[in-house]
Amino acid sequence: MSHEVPQGAHAQRPVETQEDAEPNLDFTGTTPYEDYVRADVLTHLQKPLSDDPGELVFLVTTQVMELWFTVLVHEWETAARALRDDDLPTATAALKRSLRELTALNASWTPLAGLTPAQFNSYRAVLGDGSGFQSAMYRRLEFLLGEKSTSMLAPHRGAPRVHDELAKALHEPSLYDEVLRLLARRGHPVPGAVLERDLSARYEPSPEVEAVWADLYAGDQDAELVRLGELLTDVAELVWRWRNDHLAATRRAMGGKQGTGGSAGVAWLEKRAAKTVFPELWTARSHV
Ligand code: HEM
């Protein structure tokens, strides 16, 4: 990644580097790598609470996923803004990046996918009432997908900055709202009730929107919008995979026990995983 570091030592070298050149070892302060990556900060944020050697990978996997959630929120906010400006190339580029990032996010289940109940029990108690359910960045990610919910703000009442960011996201159009607005501007009959919906409420599927997607997919007039529909379908499928991989890991690690966050555990997660992202993009397929 040295070529991406704007003010790094490498950037100061002449363009034509000699073949026997060695890396620069001479820095007066912290290295330019550290100044950019903040690796020293990042690698001192892991504070396991038990003596169990398996806890670190649970904590780091959770932190890694939080970072991917942050990247995904950035990509989908970029895409939503670009759609608002009718800038489809920028939106498409952000969505395409997000597909690879979602794939990497999902791959990061690997270290936890085979956790046994005994292994999980070795440190479960130190988690107390802590649960991924309380992840504010995951909630922002869900809001962007149209899964809005005012009650999901409640756990964050005690953290004003997090609460305010989430409240702002709750009232902003989701990525899917921006897609539907674009379809309407392109002359497709998206109902007014959908366009003027209460943005803080969960997106409810509409038969008219389903018909718009079915028409788009059946015809060949607007290939650009069909390509957008397929990118969104890829996003939806990869989110569904994350939820199902989480469900499978949870079932293996704790069977039918209650979750640390107080829910019924697997039974609760099953209901969450059954929710469809961008619903009409799936149901429209029956009518093409
Ligand atoms: C194998 C380890 C894991 C187990 C056993 C597990 C278990 C659970 C359970 C039972 C819930 C339901 C709420 C509750 O009562 O706590 C939940 C929710 C959640 N977990 Fe995990 N989890 C695991 C790993 C992770 C990791 C690594 C992340 C990454 C951040 C994560 C993120 C979430 C999120 C975002 C929710 C809320 C889902 C929603 O609102 O639909 N979990 N987890």
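## A buried loop residue

For reference, buried means under 20% relative accessible area, exposed means over 50%, and partly exposed is anything in between, using a 1.4 Å probe and protein chains only. Phe278 sits in the loop between α12 (266–273) and α13 (279–283). Its phi is positive, about 50°, even though Phe278 isn't a glycine.

Before going on, a word on the ground rules: this is a predicted model, so local features need pLDDT of at least 70 and side-chain atom pairs count only at pLDDT 80 or more, while totals for chains, interfaces and linings use all residues. Residues are numbered from 1 along each chain as its sequence is written, and side-chain values use heavy atoms, with hydrogens and water left out.

## The overall build

What kinds of elements make up the chain? It has 13 helices and zero strands. Here helices (H or I, at least four residues) and strands (E, at least two) are DSSP runs, numbered from the N terminus. The C-alpha trace spans about 65 × 60 × 35 Å along its principal axes. Of the 288 residues in the chain, 40% count as buried.

The chain splits into domain 1 (2–42) and domain 2 (55–287), with bounds taken from an automatic or database domain assignment. The C-alpha centres of domain 1 and domain 2 are 37 Å apart.

## The iron and its ligand

Which residue of the protein donates to the iron? The iron atom of the ligand has a single protein donor, His246, whose NE2 is 2.1 Å away. Donors are N, O and S atoms within 2.8 Å of the metal (3.2 Å for Na, K and Ca), and since water is not among the atoms, sites may look incomplete. His246 belongs to helix α11 (residues 223–254).

Around the ligand there are 26 residues, and the closest are Ser131, Arg139, His246, Ser263 and Arg272. A residue makes this shell if one of its heavy atoms lies within 4 Å of the molecule.

The ligand takes up the largest pocket. On a 1 Å grid over the protein atoms alone, a pocket is an open set of points with protein on both sides within 12 Å along at least five of seven lines, whereas a cavity is a set where a 1.4 Å probe fits but cannot get out; lining residues have an atom within 4 Å of a point. A molecule sits in either one if more than half of its atoms lie within 2 Å of its grid points.

## Inside the helices

Back in α11, Thr233 counts as buried, because its relative accessibility is 6%. The side chain of Thr233 gets to the backbone oxygen of Gly229 at 2.7 Å.

Helix α8 (residues 175–185) is mostly covered, with eight of its eleven residues buried. Among the buried ones are Leu175, Tyr176, Asp177 and Glu178. After α8 comes Gly187, with a positive phi near 95°.

## Loops worth a look

Most residues other than glycine have a negative phi. Asp86 has a positive one, near 55°. You'll find Asp86 in the loop between α3 (55–84) and α4 (88–107).

Met152 is in the loop between α6 and α7 (160–171), and it counts as buried at 10% relative accessibility. Ala136, in helix α6, is buried too, with a relative accessible area of 19%. Ala136 and Met152 are 16 residues apart in sequence and 8.7 Å apart C-alpha to C-alpha. Met152 and Glu66 are 86 residues apart along the chain, and their C-alpha atoms are separated by 17 Å.

Definitions and conventions. A polar contact is a pair of N or O atoms within 3.5 Å; within protein, one must be able to donate a hydrogen and the other to accept it, and residues adjacent in sequence count only if both atoms are side-chain atoms.
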